[in-house]
Amino acid sequence: MPSQRILIVGAGVAGSVSAFWLAKHNFEVVVIERSKVGQKLGQGIEIEEPALQVVKAMGILDKLNEKKTGELGFEFNDENFRVRGRLEATGSYSPTGNLELMRGDLTEVLYEAADQSANVKYQFETTVQSLTQTQDKITVELQNRTERSSWKEEFDFVIGADGVKSHTRRLTMGPPEVLNCLKPVDAYVAYFSIPKEDRDWPYSRMCAFPGRRNIWIRPIGKDDKIVSVYLMHIGGDHPDIHQAIATGDRPKQKEHLAKLYSGLGWEAPRVIEQMMAAENFYSDELQQVKLQRWSQQRVVLLGDAAWAPTPFTGAGNQLAIIGGWVLAQELSRHRSPVAFETYEKRLRAYVEQRQRIPLWGYAPYIFMPKTTLGVRTLHVFFVFVSWIARFLIWSRLSRLFPDGGQENDFDLEMEGVDANAVG
């Protein structure tokens, strides 16, 4: 019988990875999620080393490969639909990875893998109302969002894997205003789906517009009837959008974005028209999370709740997977709050390194220019980069530039690990 009970708040990537491995280490795990079961949101993502080692050890790589979008590469377009650069899905220079899939599909596969264990129980549409810690236990008041029924349970540990705006963090450590842990990066993003057209396959396509605005359209799958759209803008004074996001008013968010992208070329008219009817629309201000500590007594934070890096780094899901593995590993070794100290000691330097936005923080400004001249310069840049990329592939010199780099240099301490043999 499992000797200790752990509550995980959040059934996303980090929550389900940690649930899977904690169950293997003979913990009893309860995972709660405020959303409904099967609700899929989010953008396209890639799984790279060393996170790839974790999903391989979980025995789910084949299932993830079945969920791949099939995106063949990336195109940079101008406002008149002309292709200014194309990067095939080979090598580290392309935004398209070898294992490219939608975040919703990833979370579904991870949930199914963890849920197979008799030691794991998922409870959807459930939230935490209060946390009371003693020396040995945590009493948690839970609530079902649909029935509005509340009850209390005891746990040995609580893991907050509930995102940038973590309620677990607020209950345990205080509001973000007191912690001063949310660091805006001067950017806003919106995700949603629109009906697919023939030109949406097989490459993802991006167009930049003056005023630091861009649109990125990415295929979900060859046979899917929808595609994923990302709107991103940085800088500027947009108090209306900020207020609409702060209040959670999605119709207002759509209205203000429609104004911001009005009068533009390329796919902008189609995207904005379809956005107004999109049911899976999500918009937010991008912020990094930086905390002095990731834990307090028997509560620990994981993933974006502890260290959100923003999409500009491309590291969010990588760190979620790695963090889930490391936390479960340290809890299996110590089975006390000491595990939280060793977990943070192992990960913090790596996390801080991966939080750095490329090009000393200027990458978003370079790839989303303010002026028409800046956009045209970007077109020339992509012409040059795509030519170099094609030459490297044609000449087979790309083999001299292996994928990865210093950011992949993290020791997972996985020697001899077998997902079917652990626990």
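I began with contacts, meaning heavy atoms within 4.5 Å. Residues 24 or more positions apart account for 70% of the chain's contacts with a separation of 6 or more.

I noted the basis: this is a predicted model, where local features need pLDDT of at least 70, side-chain atom pairs count only at pLDDT 80 or more, and totals for chains, interfaces and linings use all residues. Residues are numbered from 1 along each chain as its sequence is written, and side-chain values use heavy atoms, with hydrogens and water left out.

I checked size next. The C-alpha atoms fill a box of roughly 65 × 50 × 40 Å along the principal axes. The radius of gyration, taken over C-alpha atoms, is compared with 2.2 Å times the number of residues to the power 0.38. For 423 residues a compact globule would be near 22 Å, and the chain agrees with 22 Å. I found 52% of the 423 residues buried (under 20% relative accessible area, 1.4 Å probe, protein chains only).

I listed 14 helices and 18 strands, which are DSSP runs (H or I, at least four residues; E, at least two), numbered from the N terminus.

Then I took H1 (residues 13–24) and H4 (residues 103–115). Their axes lie 9 Å apart at about 20°; axes are lines fitted to C-alpha atoms over the stretch in contact, and angles run from 0 to 180 degrees between N-to-C directions. That makes H1 roughly parallel to H4 (under 35 degrees). H1 contributes Val 13, Ser 16, Val 17, Ala 19 and Phe 20 to the contact. Among the H4 partners are Arg 103, Leu 106 and Tyr 111.

Technical notes
Angles under 35 degrees count as roughly parallel, over 145 as roughly antiparallel, 65 to 115 as roughly perpendicular and the rest as oblique. Buried means under 20% relative accessible area, exposed over 50%, partly exposed in between (1.4 Å probe, protein chains only).
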